[in-house]
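Take a look at the sequence and the fold, and then read on.

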Amino acid sequence: MDTTNDTLHADVLVIGFGKDGKVVAATMGRLGKRVVLVEQSEHMYGGTCPNVGCVPSKALVHR
């Protein structure tokens, strides 16, 4: 990662840390790609489903 001029070089940009975002980021990383994953909310790890959607009983135990 080049931080001399605050530039980040990546092969893949994944927007959203939901279920699909995590899968895409992990898959691309395993394929040797440089991945940047962006999530707007610091409280929405895992996306809408486990936080406020279909599975609200789940909890993030460790970050």
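The protein chain exposes about 5100 Å², and 56% of that area is supplied by carbon and sulfur atoms. Areas like this come from the Shrake-Rupley method with a 1.4 Å probe, and for residues only the protein chains shown count as cover. What you see is a predicted model, in which local features need pLDDT of at least 70 and side-chain atom pairs count only at pLDDT 80 or more, while totals for chains, interfaces and linings use all residues. Residues are numbered from 1 along each chain as its sequence is written, and side-chain values use heavy atoms, leaving out hydrogens and water.

How confident is the predictor? Its confidence in each residue is called pLDDT and runs from 0 to 100. The mean for the protein chain is 75, with 60% of its residues at 70 or more.

Now follow the chain from the N terminus: its elements run β-α-β-α, giving two helices and two strands. Here helices (H or I, at least four residues) and strands (E, at least two) are DSSP runs, numbered from the N terminus. Among these elements, β1 has the highest mean pLDDT (92), and helix α2 (residues 48-51) the lowest (62).

Strand β1 covers residues 12-15 and holds Leu13. Is Leu13 buried or exposed? Leu13 counts as exposed because its relative accessibility is 54%; the cut-offs are under 20% for buried, over 50% for exposed, and partly exposed in between (1.4 Å probe, protein chains only). Of the 63 residues in the protein chain, 13% are buried.

Terms used
pLDDT = per-residue confidence, 0-100.
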